[in-house]
Amino acid sequence: MEEVDVEPTTTLIPGIDVTQKHLGFVWGPGDILVYETKYKATGDPSADQGCPSVHVVRKDEDIYSPILRKLFNESHHIFVGLQKIKDDVPSKNKKSQFVSISKHYRSVIRACMEELQQVAVSTRDAILGAQYNNQLSILLAVEIIWNLCEVLFIEAAPAGALQLHLLDWVRLHKADVDEKAQEVLQSESPTEHPAYWDVVTSYVLQGRTDEARQVLVKQASFQPAARAMFKLLDSLLMKMPIFSPGGTQTLTEFDVEWRHWREECDRCLQDNSFASNRHLEAICKILVGDEDTLLEHKDLLGTWYHFLVTRLLYSHPTVKPTELHYYAQSSMDMFLDTRSGPEPLDSILLAAFEFDIHQVIKDCSFALNNWWFVAHLTDLLDHCKLLQSHNLHFGSNLREFLLLEYASGLFSHHSLWQLAVGYFDHCPEFGRVYLELQVERVPLDSERKALKVLRICEQRQMAEQVRSICKIMAKRALRNNRLGSALSWSIRAKDAAFATLISERFLQDYCAHGTFSDLDLIDNLGSAMLLSDRLTFLGQYREFHKLYGETRFAEAATLLLSLMTAKIAPQSFWMTLLTDALPLLEQRQVIFSADQTYELMHCLEELTAGNAGPSLDQSMQDADIETTKVELLRLALARNLAQAIVKEGTVEG
C-alpha cells in the first residue's frame, strides 16, 4: 500500500454486517483507493451496532496541487511537440532537438520548484508548509535524475566533454556556495569570517578555480608574510588545464598537459611549500586528487556523487563513459556510512552511472509518488532510440505502458483529464482502447463538459461513445423537462426511439399549453426531422403554424390535410389537427376544395367511430367539450363543402 500524505476521509456504509472483520478493495485505475473497514470497539453496546467506517484515501495527491498542475500542463505541450519530430530527420539534427526538449522539461520542473519554495516560505499553515516541502524535495530529486540522464544518455558526451557536463550538473545542484560566498564577501572582514575557507575550498571542489583565486586574493593581501605561498597556489589554480571540446587541442594532448600540471602540484606538496598553512596545503592536496583529503570535506561535498565528480576532476578528467560505473560504485562505498544502506536516490543515480536505463526507470517507478517523471523521461529516451529492444511480455512496449498509466491517473481529475487524451493519442497499440474506456468514466457535470467530451469523441470517430454521451445528456435534460435540449442531444445521437419519445412530449406540451417551447430548434430541424416519423410530424406541424401565421392559408390547408391522410400524424392528435382546421373552414374564401373537405369529413368520422382507440372514445363521450368540437367541425365541414361545390361548379360552368 502506498504512503498516504493526507488524513483519509471516513465514509459510513449502512447495511453492512458488523460481525465481519474486514472489507477492502482497490478502485482503479483512478486515484481512489478504498482499502480497509475498521470497527471501533466502544463501551456503549448501541454504538457497536452502528455503521462501519471505510477509509477512502488518495493514491496520488499531486494532481490536486495547483502548482504541480502547471507542471502537468506545460509538460503536455512539450510532449506533443516531441511527437511531431519526424523520423526522416537526420540523427545529428535530432540529437540537438532532443537535448533542447530535455532542457525544456527541466526548466518547467525548476520553475515549479521555485514557486513551491516561495509558497513554502510564505505559508503560515505548518501542515501545508510540510506538504510543499515534501513536493519540493521530490521535484529536486526528479531534476537531479533527469539532468544526469540528459548528460549520460541524451547528450551522450564523450571523454573529456563528459567531465565538463558532470561539473555543470554538480554546480547546478550545489548552488549554496554562491550564497555563502556573497555572505562572506559582504561582511566587514571577509578573511576573518568563519566560512571564509569553506567558500574557497567549495569553489575548488567544484572546479571553479577563477572564483577561488578571487576570494584568495583578499587573504593574500591580509597576510604579506605568506604572500609567496598564496602566489604559488594562485599560479597552480591558474595553470589548471581545462579541456575545450570545440578547440583544436586533442584529448591526448590535454591529458599530457594535465599530467604535467598535476606533477607540479605534487612537487609543491613534496617540497612542503604549503606546510605552514594547513588550509593552503589541504587545497593543494585536493588538486592532486588525494582521496583522504576529499573525504575530510564531506560536509562541503554533501553527497557521494559530488565527491565522485570532484574525484574524477582531479584524478581522471578524461574518464570514458564506460569507466564511470567503477568510479561511481567505489565513490559511493567510500563516502556513505556502511552501517546505513543507500537511499533510493543513491540507487537510481548509481544505476544511471552504470548506464542501466531500465533499472533507472524501474527504481523511479517505485520511489516516486506518480508516473509523471517516468512517463515523460521514457518517452524522450524512446525517441532517442535507447529503449527499442525492451518490450513487455504482455504486448505493449515500456514507453506506451508508462504513458497509459500516467494518462489514466490524469483522467481522475476534473480538468486534467483533457491532457490525458493527448497521451492516449500517441499510444498506437492500446491508446484508443484506454481512451474509449476512460471517456465513459468522465462525469458529465454540465453541458459544457459534455460537449468537450463529445468533441473529443467525434474527432476520433468514436461512434459508440458519441451515442452514449448524447443519450445520457438527452435523458438528463428530459428529466429536467428541458425538451429542446433533450431533442437536440437525441438528434446528435441519431437515436430514433428517443427522438420519437421527446417529439411526443413536445406534442403533449403543445396540447396542454397551446404553444411550442424551443421554437428555434424546431424551426431549424432541417434533414434531422427524417430521423423518425414522429419528429417529421413535429417539424411539419410547426411548418403548418408558420404558414398559417404568414396567411398562406392554401398551403397551410394542404399541409394539414397531408399530415392526416399520409398517416404521419398519430391518430391521438387528429382531433387537434381538425380543430386547427376550423379557422380555415370559417374563412370567407374557400380554402379546402370539395375533395379535401370529403377527406377531412372521412377523418372525423373515422375518429368518432372509435377507430382512434377506446381511451380516446371514452374521453370524447365523457367530455362535453369534445362533443361540442365534433358538432362544430361537422357544421363547418358541411358549410365548407357546400361552398366548395358551388365555387367549383361555377368555375366549371
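His76 is buried here, with a relative accessible area of 12%, under the 20% cut-off. Bear in mind that this is a predicted model. Beyond that histidine, here's a quick look at the nonpolar core and the cavities.

**His76 and its surroundings**
- His76 sits in helix 1, which covers residues 66-83.
- Skip the neighbours within four places in sequence, and the contacts of His76 are Leu419, Gly422 and Tyr423.

**The largest nonpolar core**
- There are 189 residues in the largest nonpolar core.
- The members touching the most other members are Leu166, Trp169, Trp304, Phe353, Trp372 and Phe373.
- Helix 3 (residues 126-154) is the top contributor to this core, giving 13 residues.
- Take Phe373: leaving out residues up to four places away in sequence, Phe373 touches Val142, Ile145, Trp146, Cys364 and Leu368.

**Cavities**
- Two cavities of 30 Å³ or more turn up in the structure.
- The second largest cavity holds about 80 Å³ of space.
- Its lining is made up of Gly160, Gln163, Leu164, Leu167, Met240, Pro241, Ile242, Phe243, Phe254, Trp258, Leu313 and Pro317.
- Helix 4 (161-172) and helix 9 (251-270) are the elements that each give two or more residues to the lining of the second largest cavity.
- Helix 4 has the largest share of that lining, with three residues.

Terms used
Residues are numbered from 1 along each chain as its sequence is written. This is a predicted model: local features need pLDDT of at least 70, side-chain atom pairs count only at pLDDT 80 or more; totals for chains, interfaces and linings use all residues. Side-chain values use heavy atoms; hydrogens and water are left out. A nonpolar core is a set of buried Ala, Val, Leu, Ile, Met, Phe, Trp, Tyr and Cys residues joined through side-chain atoms within 4.5 Å. Buried means under 20% relative accessible area, exposed over 50%, partly exposed in between (1.4 Å probe, protein chains only). Helices (H or I, at least four residues) and strands (E, at least two) are DSSP runs, numbered from the N terminus. Contact means heavy atoms within 4.5 Å. On a 1 Å grid over the protein atoms alone, a cavity is a set of points where a 1.4 Å probe fits but cannot get out, and a pocket is an open set with protein on both sides within 12 Å along at least five of seven lines; lining residues have an atom within 4 Å of a point. Grid points are joined across faces, edges and corners, and a volume is the space filled by probe spheres set on the points.
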